[in-house]
Amino acid sequence: TADNSCSSFSDNPINSATEDTLQRDDFAQLIASEILTVERSNGHVMAIVGPWGSGKTSVINLVKTHLK
């Protein structure tokens, strides 16, 4: 017989490392470290690029926790 069950999950971004089941926090720590050490006098641009649903907002939220 065919399995008619359906799985669902939240697509909401995470806000803390305790929610980080995909282990993105190390990456977020590296970004935060770079932000804190970059020379700002000449300006600096960073971007997180990825398709919809790839976790960009979650990474940004994790970075923000490391910058507080």
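What share of the contacts in the protein chain with a separation of 6 or more comes from residues 24 or more positions apart? Such residues account for 70% of them, a contact being heavy atoms within 4.5 Å.

Before you click further, note that this is a predicted model, where local features need pLDDT of at least 70, side-chain atom pairs count only at pLDDT 80 or more, and totals for chains, interfaces and linings use all residues. Residues are numbered from 1 along each chain as its sequence is written, and side-chain values use heavy atoms, leaving out hydrogens and water.

Start with the whole chain as a C-alpha trace: along its principal axes it spans about 65 × 25 × 15 Å. Colour by secondary structure next, and you will find two helices and zero strands (DSSP runs numbered from the N terminus: H or I of at least four residues for helices, E of at least two for strands).

Now select Asp20 and Arg24. They form a salt bridge, with the closest N and O atoms 3.4 Å apart; the term asks for a side-chain nitrogen of Lys or Arg within 4 Å of a carboxyl oxygen of Asp or Glu. A search of the whole structure finds one such bridge. Both Asp20 and Arg24 are buried (under 20% relative accessible area, with exposed over 50% and partly exposed in between, using a 1.4 Å probe and protein chains only).

Leaving aside residues up to four places away in sequence, Ser58 touches Arg24, Pro13 and Ile14. Ser58 is buried too, at a relative accessible area of 5%.

Finally, zoom back out: 21% of the 68 residues count as buried.
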